[in-house]
Protein chains: 2
Amino acid sequence: MSFRILYECPDTGARIGELLTPHGIIETPVFMPVGTQATVKTMTPEELNDIGAQIILSNTYHLYLRPGHKLIEKAGGLHNFMNWKKPILTDSGGFQVFSLSNLREVTDKGIIFRSHLDGSKHEFTPEKVIKIQNSLGSDIMMCLDECVAYPCEYEEAKAAVRRTTEWAARCKKSHTGPEKQLLFGIIQGSTFNDLRKKSTEEILNLDFPGYAIGGLSVGEPKDVMYEILENIVPIMPREKPRYLMGVGSPDCLVEGVLRGIDMFDCVLQTRIARNGTVFTSHGKIVVRNAEYGEDFLPLDPECDCYVCQNYTRAYIRHLFKAKEILGMRLATYHNLYFTIQLMEKIKKSIKENKLKEFSEYVLQRYTT
Amino acid sequence: MSFRILYECPDTGARIGELLTPHGIIETPVFMPVGTQATVKTMTPEELNDIGAQIILSNTYHLYLRPGHKLIEKAGGLHNFMNWKKPILTDSGGFQVFSLSNLREVTDKGIIFRSHLDGSKHEFTPEKVIKIQNSLGSDIMMCLDECVAYPCEYEEAKAAVRRTTEWAARCKKSHTGPEKQLLFGIIQGSTFNDLRKKSTEEILNLDFPGYAIGGLSVGEPKDVMYEILENIVPIMPREKPRYLMGVGSPDCLVEGVLRGIDMFDCVLQTRIARNGTVFTSHGKIVVRNAEYGEDFLPLDPECDCYVCQNYTRAYIRHLFKAKEILGMRLATYHNLYFTIQLMEKIKKSIKENKLKEFSEYVLQRYTT
């Protein structure tokens, strides 16, 4: 067993667990910073270590197109290539093909698409994305899934559920080293409760070491997302990790943990940082705004990160106004630290049976 | 005395010295990384410490326009504002006014110019730039000088020498805290030997704790620059530091030290880094080029910096191709480390009376 539960909250679905991977143990619930192109934007691996990142996510679609998975294999795998010693999760490329590429054709066989970089033609099949992820050598791989947009017609969502199940079976079959790389299944079904249940049952039947919930946080209201979690998490096995893909903001992280989610990833933290927006203990602030021009407080006076110990809002605002890279670095560092600390506080609250109270504190400051 | 000579090479003009400043002692010859806008582009102060930077240069013109010297004064000075504890040298703003702004008028009183940022109108006088640098709180300040372009008419260069001397006298007079901030004089005279001598004599007469040679490395052939150094350095006092402004490349650093220069600054290292060009022990390489796509060597196999110990050319090339900020960070870190190490090797060679041999090694690899 690669996952074990250390503690379960008696009042909510929240739990604390340990996920064993080839590059180390991950304590859950966990937030995974996103390193799309073999780098978490602006950060070194040492800085990710400093802020307590346990695992990062990297994107198969991007790495396949550039620099190519074969190059990364030659470099000794993605860990070696980017100098990150801890666990890596790679997605299957499915979501990016549907959102970034010029999509040509989805068939039962796979997806033919054109690169968003140069228009070149490529095909992803379940077997191919497993092969690519084998080359990358990630600790956790994802099955190829069909992602539908929101909103979506019932029949389209239903067809995507069928294909996602068939592709998951083929992924599992073609993955020859399950002891070296964990392969997670992905549940689809858009916002239709019966399709979500059907997808969950079918994917569970295939027996993966972990299960992801895909196709959420794609534009639907948050309440709809929470409702789906409430419907399907209870039928997911207790003893396997549950990963809510592409989520989250501080409010979604606490709401997800309350509903039994163990793993999260999101580009929000790093993306808003590069635009000069940062998380604080009292909500988000846009530090590049004029009101911070003579503000000599840290980004978050209650934060003990490197950035908040050494720099003022006025200085960081200056860096943004002057288009200096250090501004993006400092904001990114702080936002990731803040989020990982938030997960630490969530874990502490679970252990103390106080997650409900703590979630109210977060939701007051972060519900939008 | 703020400067003392520890060792002089018997065969060349090279010497090793110590310059005492309010924020610490600088061992010379020294290369000063440039932090134009209160940040050495892409780097944190801790990283500058790691690579052995002893002093950085920051630009008065830029800081005056944005965020403004008054804001920096409110922040407790430039050291506090940017979180750099070691010495800082600020230039006078003269060079940037002549090269960046929309210049309106130079009179004996000062320079009226328009900001390159928003076209707003400003005036720099000798008294004003001292006041600005007092607000910044730099360890070493520079006198306002008139910089002429290359090539330049004799009469124009002559007028600039006269004004530079007059302005230097006014700068000295208006600087009320010489014990808190060292004020250096600047020698002008374009490429005319008699004007260079005249400027040197006039500036020396004003008695500054250090002397800079300005108006070089502005497009003239390197031989012309070296000839000027050979003509004026011998009439400069032995017991004062000599600073060659805006220089250099590895070849110019060794050529300058051979001719008795103690201090250098240059944006070359950080600028070419951001374009994917790095220094190595065997000359420059453009790591973003296709030939490094599958090159798993470090940037410089003979370098022991953080970057060369942890990353390959193939990875750094990928970062540049993917427009990832980490690529610029790693190349900048390496180029600055390489240059500071070069200065260490130059100092070692001076102590061992081997600078001539070492300079030939460098010039073979870096003369362009």
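**Exercise 1. A hairpin in chain A**

Task: Find how strand β15 of chain A and strand β16 of chain A are joined and which way they run.

Solution. This is a predicted model.
- Step 1. Locate the strands. β15(A) covers residues 277-280, and β16(A) covers residues 283-286.
- Step 2. Look at the pairing. Four bridges join the two strands, which run antiparallel.
- Step 3. Pick one pair. T280(A) has G283(A) as its bridge partner in β16(A).
- Step 4. Follow the chain between the strands. Two residues make the link from β15(A) to β16(A), and the link is a hairpin.

**Exercise 2. A sheet in chain B**

Task: Work out the strand order of the open sheet of three strands in chain B, and name its edge strands.

Solution. 
- Step 1. Read the order. It is β7-β8-β9, with antiparallel pairing.
- Step 2. Find the edges. β7 (102-106) and β9 (121-124) of chain B each pair on one side only.
- Step 3. Check the angle. Neighbouring strands of this sheet are turned by 25 degrees against each other on average, direction ignored.
- Step 4. Take one pairing. β8(B) holds residues 111-114, and four bridges join this strand to β7(B). One partner pair is E105(B) with I112(B), the latter in β8(B).
- Step 5. Recall the general rule. Strands of a sheet pair through backbone hydrogen bonds, either parallel or antiparallel.

**Exercise 3. Two domains in chain A**

Task: Describe how domain 1 and domain 2 of chain A touch.

Solution. 
- Step 1. Domain 1 of chain A spans 3-266, and domain 2 spans 277-368.
- Step 2. Get the separation. The C-alpha centres of these two domains of chain A lie 27 Å apart.
- Step 3. Count the contact. Domain 1 of chain A puts in 25 residues, and domain 2 of chain A puts in 23 residues.
- Step 4. Name the elements on the domain 1 side. β4 (30-33) and α10 (250-258) of chain A are the ones that give two or more residues. The largest share, six residues, comes from α10(A).
- Step 5. Sort that side by class.

**Exercise 4. Two copies**

Solution. 
- Step 1. Superpose. A turn of 180 degrees and a shift of 0.0 Å along the axis do it, with an RMSD of 0.0 Å.
- Step 2. Find the residue of chain A closest to the rotation axis. I325(A) is that residue, at 3.9 Å (C-alpha).
- Step 3. Count the interface. In it, 29 residues of chain A are in contact with 29 residues of chain B.
- Step 4. Name the elements. α3 (69-74), α4 (78-82), α13 (313-321) and α14 (325-351) of chain A each supply at least two residues to the side that touches chain B. α13(A) gives the most, with five residues.
- Step 5. Sort by class. The side of chain A that touches chain B has 15 nonpolar, eight polar and six charged residues.
- Step 6. Compare the surfaces. The copies meet through the same surface, because 100% of the interface residues of chain A are also interface residues in chain B.

**Exercise 5. One residue**

Task: Is M43(B) buried or exposed?

Solution. 
- Step 1. M43(B) sits in the loop between β4 (30-33) and α1 (45-50) of chain B.
- Step 2. Count neighbours. M43(B) has 23 C-beta neighbours inside 10 Å.
- Step 3. Apply the cut-off. A residue is buried at 20 or more, so M43(B) counts as buried.
- Step 4. List contacts beyond four places in sequence. M43(B) touches L48(B), T332(B) and Y333(B).

Conventions
Residues are numbered from 1 along each chain as its sequence is written. Chains are lettered from A and ligands numbered from 1 in the order in which they are written. This is a predicted model: local features need pLDDT of at least 70, side-chain atom pairs count only at pLDDT 80 or more; totals for chains, interfaces and linings use all residues. Two strands pair if DSSP finds at least two bridges between them. Axes are lines fitted to C-alpha atoms, for helices over the stretch in contact, and angles run from 0 to 180 degrees between N-to-C directions. Domain bounds come from an automatic or database domain assignment. Two residues are in contact if their C-beta atoms, placed from the backbone, lie within 7 Å. Copies are superposed by least squares on the C-alpha atoms of residues with pLDDT of at least 70 in both. Ala, Val, Leu, Ile, Met, Phe, Trp, Tyr, Cys and Pro count as nonpolar, Asp, Glu, Lys and Arg as charged, and the others, Gly among them, as polar. A residue is buried if 20 or more other C-beta atoms lie within 10 Å of its own, exposed if 12 or fewer, and partly exposed in between; C-beta atoms are placed from the backbone.
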